[in-house]
Amino acid sequence: MQDLPWENHSSISEFILLGFSRDSQINAILFNIFIFLYLSTLVGNGLIVTLIHLDSRLRTPMYFFLSVLSMLDMSYVTTTVPQMLVHLVCQKKTISYVGCVAQMYIFLVLGITEGWLFSVMAYDRYVAICYPLRYKVIMSPWLCGTMVVFCGLWGVSCSLVYTVFTMRLPYCGPNEINHFFCEVPAVLKLACADTSLNDQVDFILGFILLLVPLSFILASYVRIFATILRIRSAQGRLKAFSTCASHITVVTMFCGPAMFMYMNPGANASPERDKKLALFYNVISAFLNPIIYSLRNKDVKRAFLKLTGQGRAPE
């Protein structure tokens, strides 16, 4: 059987993930915090998906995209957090070479897909506010499904470039990754070769995968705000803006730290800062998304009350 293209260049079979601390007491505290965040993320996002599936009033393009986002978030944290929790309570903190490659690739696929999904969600809000009478015609099920598939294919293909360019380098020791999972910037620091080409590739891909969708989002919201300002009623303007506020908050929490991480040259990177940034756009963002989207959303609250039998949605 032929070896994978990167396996011929490495003399190590596993990596050690250093995580956050070597102090067992600190790790015990972190374990309790992260298991709470992880389980809350699964419950919160799972509840969003369930409500959208069960309540016919939530079967609209906006909630379809929200359900996809929730599924991505659940998968995203599951790629990294369970292993991190094990390493917080166990002495052995290793991950195999192949496991590291797989984790890196899956993490990137989900992250890139989510980044582009945010631009699709911004377009959905643009059509809903700027062309309300044609909204259902423009945002047809076929178009919604096609855009989600595009986001997924973009994530799969670009993640392959990221992963191959990272793991084609020789890794001959040391094998200690100063991170809690196999993320590209942290792994690159262990390469026994010049990584300047990788820094350039990371910057170019970061531009394409972060700044391009952010430009689409910005363009959509410029048109949205121009339309909102033409609404005569103050209450109408507030209602239109409130439908966008959640999306803007989530995009800022996810894309800001990710852009700082992946568009910063490797030589300038700080391991401790990178871990905090990764926690923010991987764990904290996924934990807060269902809270942000449901806190001021009457439709979601109504569907939840209906599901629990505490109230009935008004006709």
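Start with the UniProt annotation "transmembrane region", from an unreviewed entry: select residues 29-52, 64-89, 95-121, 142-165, 203-226, 238-263 and 278-295. UniProt positions follow the numbering used here, feature names are shortened, and annotations may be inferred rather than shown by experiment. Residues are numbered from 1 along each chain as its sequence is written. This is a predicted model: local features need pLDDT of at least 70, side-chain atom pairs count only at pLDDT 80 or more, and totals for chains, interfaces and linings use all residues, while side-chain values use heavy atoms, with hydrogens and water left out.

Now pick single spans. Residues 64-89 are 100% helix and 0% strand. The end C-alpha atoms of residues 64-89 lie 38 Å apart. Next, residues 203-226: again 100% helix and 0% strand, with end C-alpha atoms 33 Å apart.

Colour by secondary structure. The protein chain has 10 helices and 3 strands (DSSP runs numbered from the N terminus: helices are H or I, at least four residues; strands are E, at least two). Along the sequence the pattern reads β-α-α-β-α-α-α-β-α-α-α-α-α.

Turn to the aromatic rings. Rings of Phe, Tyr and Trp (its six-membered ring) pair if their centres lie within 6.5 Å; planes under 30 degrees apart count as stacked, over 60 as edge-to-face and the rest as tilted. The count is 20 aromatic pairs. Select Phe64 and Phe65: a tilted pair, 5.5 Å centre to centre, with 55 degrees between the planes. Phe64 is partly exposed at 32% relative accessible area, whereas Phe65 is buried at 1% (buried means under 20%, exposed over 50%, partly exposed in between; 1.4 Å probe, protein chains only).

Which parts does the Trp116 and Trp154 pair tie together? Select both. Their ring centres are 5.7 Å apart and their planes at 80 degrees, so the pair is edge-to-face. Trp116 lies in helix H3 (residues 97-130) and Trp154 in helix H5 (residues 141-167), so the pair links parts 38 residues apart in sequence. Trp116 is buried at 7% relative accessibility; Trp154 is partly exposed at 27%.

One more selection: Phe20, Phe34, Tyr76, Phe107, Phe118, Phe180, Phe181, Phe254 and Tyr281 form one aromatic cluster.

Zoom out. The C-alpha trace of the protein chain spans about 65 × 40 × 40 Å along its principal axes. Of its 315 residues, 48% count as buried.
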